[in-house]
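Subject: Structure for you to look at

Hello,

I am handing over a structure that you have not seen before. Please open it first; my notes on what was found follow below.

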Amino acid sequence: MASLRDRKRARTRQALVEVAAELFERQGYDETTVAQIAAGAEIGTRTFFSYFPGKEHLVFPESDDRVHAALEAIDRRTPEDGPAEVLLRALRRVGDDSDDMSGRLAALRLRLIREVPAVQGLSLRIQLDAQRQIAAHLAAAFPERLDEVRAAALTGAFVGAVTGALQVLLERAERRDDPAVVQRAVQEAVDAALAPWFSGAAPDRSGH
């Protein structure tokens, strides 16, 4: 059970994210200052930096959680699971636990990635770091099926499928208002994209 201090930090962190999203939408990213965000969450500007390195990081509050979900799914695999199955399980878990990938903040994130160089740069860095971590974990977990190159290819296909599907889905206002609909559509799209990698479908490292 989390301590009182941990729960308080989690509430403050969430308040910062919510205040930032509201200000970014209302007055623009460049026009919003760290001081304004901190004041909205009722903390000092110095304290803000104990939660986030900069305001661009507020757009990606759960990126580490998504990576951890993927690594945990790999670690908890069953003998019947293939690498694609564990990635899809991680995606379902992330969707069940949070609407970070399919709700209001997700739509704002995609817009800011297109419009703000600092957000775009951080997005690429987060994505590349996540792909490297997940690919390395997959290669270690499935040495008979994946070498480093195949693991990187599968992880890239997975991340690309999720990102591509979200870009289209979150641009449609009628879908954006229902995170559950977006999440189901993303899962269906990723299922289709990774079909060649399902257990028994993808060749092993020997090419058989």
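**Notes on the structure**

Leaving out neighbours within four places in sequence, S123 is in contact (heavy atoms within 4.5 Å) with F60 and I113. S123 sits in helix α7, residues 117-141. S123 is buried, at a relative accessible area of 13%; buried means under 20% relative accessible area, exposed over 50%, and partly exposed in between, with a 1.4 Å probe and protein chains only.

This is a predicted model, in which local features need pLDDT of at least 70 and side-chain atom pairs count only at pLDDT 80 or more, while totals for chains, interfaces and linings use all residues. Residues are numbered from 1 along each chain as its sequence is written, and side-chain values use heavy atoms, with hydrogens and water left out.

The protein has ten helices and zero strands. Helices (H or I, at least four residues) and strands (E, at least two) are DSSP runs, numbered from the N terminus. The radius of gyration, taken over C-alpha atoms, is 19 Å, close to the 17 Å that the globule rule (2.2 Å times the number of residues to the power 0.38) gives for 208 residues, so the protein is as compact as a globular protein of that length. Along the principal axes, the C-alpha atoms fill a box of roughly 60 × 40 × 30 Å. Of the 208 residues, 43% count as buried.

Next, the cores. A nonpolar core is a set of buried Ala, Val, Leu, Ile, Met, Phe, Trp, Tyr and Cys residues joined through side-chain atoms within 4.5 Å. The largest one has 41 residues, and L138, F158, V162, L166, V186, V190 and L194 touch the most other members. At least two residues of this core come from each of α4 (63-75), α5 (83-97), α6 (104-115), α7, α8 (148-169) and α10 (179-193). The largest share, nine residues, is supplied by α8. Apart from this core lies another, of 26 residues, including V19, V59, I113 and V119. Residue V186 touches L91, V162, A165, L166 and L169, not counting residues up to four places away in sequence.

One loop residue is also worth a look. E42 lies in the loop between α2 (34-40) and α3 (45-48). Its phi is near 65°, a positive value in a residue other than glycine. Most residues other than glycine have a negative phi. At 74% relative accessibility, E42 counts as exposed.

Regards
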